[in-house]
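Subject: Structure for your files

Hello,

Here is the structure I said I would pass on. My notes come after it.

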Amino acid sequence: MRTPASQKVAPQSDARLGRIVSLLIAHATVVISGTKMAAEIGTSRSEVWRLVQQLRDLGVDIAGHPSTGYSLQSVPDLLLPAMLAPQLHGTRFGKHIHHYYKIGSTNTVAMEAASAGAPDGSVFLTEQQTAGRGRGAHQWHSARSSGIYCSVILRPALPPSDVLVLALAAGLAVHSAVQQIDARVVPDLKWPNDVLIGGKKFCGILTEMNAEVTRVRHVVVGIGINVNQSSFPADLQNVATSLRLATGGEWSRVELCAALLKSLDREYRGLLENSEAVSSILQRFQERSSSVREKKVEVEENGGFEGVTEGLDSRGFLQVRTAQGLRTVLSGTVRPR
């Protein structure tokens, strides 16, 4: 159980930006005047101009027409609530979507919001992280508007010892979302929280919780997906990839993020409502992982040991057959040998 250190929280993106984007999409075939836009969102023409400039800075292609107004040249790929909420109707993730343009870590903000009472299903998204985190002391490289940097708050009626299954369910949700967009891409789940393509990582999952001895107060599931990155820093080039690099084409982050949250909603709903859900999650995770069975590994835990993977136990922990017998990996880093 670990609560991240507090950080100064950046302001959420202005909700009016999403309304401007929605207006431009609704009038995609015509030029819409600054006066009309100002009236629609309840502000001034000068403020509309400022908001349009902010959208342009984020890469939204908005043409300006002297004396007449603005038009949208292409649909923007920003993870704005106005873009996502209509696609998430009927899920627990459609009502409380918080968007930022730059922030330290979505997990940090989500943990602080959860402690302050934010409801189950709250979603925190950012275009860029400056202090994205992975397991342990690892950082997550978060290029602006190229990936999905998402954290959700869950309040399951689970004991702390059973929370690992949420990370495995999140991995399954990523797998399902990617295949929904492009069935030719077959992600490989690496226990407990990585998703790979061609042996390289394109997604990491970080689960953090606040709990008592016998019950969870809240869990934050953070999911970072490399979507449209065309390159990585030198120290990551051999271990990281993106969906764009893997497939040769750009992906819609909005489409993928919506698919991800809908898949995660299905997994979580099943976990809450179906007594067989845990065994289903464990079975499907093992079917979609090339490394949880019959792979030689080294484990950095309790002084380190090596052996051959033998699947997951009933709680989702990895089992490794060693020369001394079967051992259960609780939290250590597992590497191929």
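Predicted model: local features only at pLDDT ≥ 70, side-chain atom pairs only at ≥ 80, totals over all residues.

Residues are numbered from 1 along each chain as its sequence is written, and side-chain values use heavy atoms, with hydrogens and water left out.

Helix 6 covers residues 164-181. (Helices are DSSP runs of H or I of at least four residues and strands are runs of E of at least two, numbered from the N terminus.) Its 18 residues should span 26 Å at 1.5 Å a residue, and the end C-alpha atoms are 27 Å apart, which agrees; the expected span is 1.5 Å times one less than the number of residues. Of the 18 residues, 14 are buried (under 20% relative accessible area, 1.4 Å probe, protein chains only).

Helix 6 also supplies three residues to the lining of the largest cavity, the largest share. Helix 8 (253-273) supplies at least two. The lining consists of Leu154, Leu166, Ala169, Ala170, Val221, Leu264 and Tyr268. A cavity here is a set of points on a 1 Å grid over the protein atoms alone where a 1.4 Å probe fits but cannot get out, and lining residues have an atom within 4 Å of a point. The volume, the space filled by probe spheres set on the points, is about 40 Å³.

Five strands form an open antiparallel sheet in the order 13-12-11-10-14, where pairing takes at least two DSSP bridges. Strands 13 (325-329) and 14 (333-336) are the edges.

Regards

Terms used. Buried < 20%, exposed > 50% of the residue type's maximum accessible area, 1.4 Å probe, protein only. 1 Å grid on protein atoms, 1.4 Å probe; cavity = no way out; pocket = protein on both sides within 12 Å on 5 of 7 lines; lining within 4 Å.
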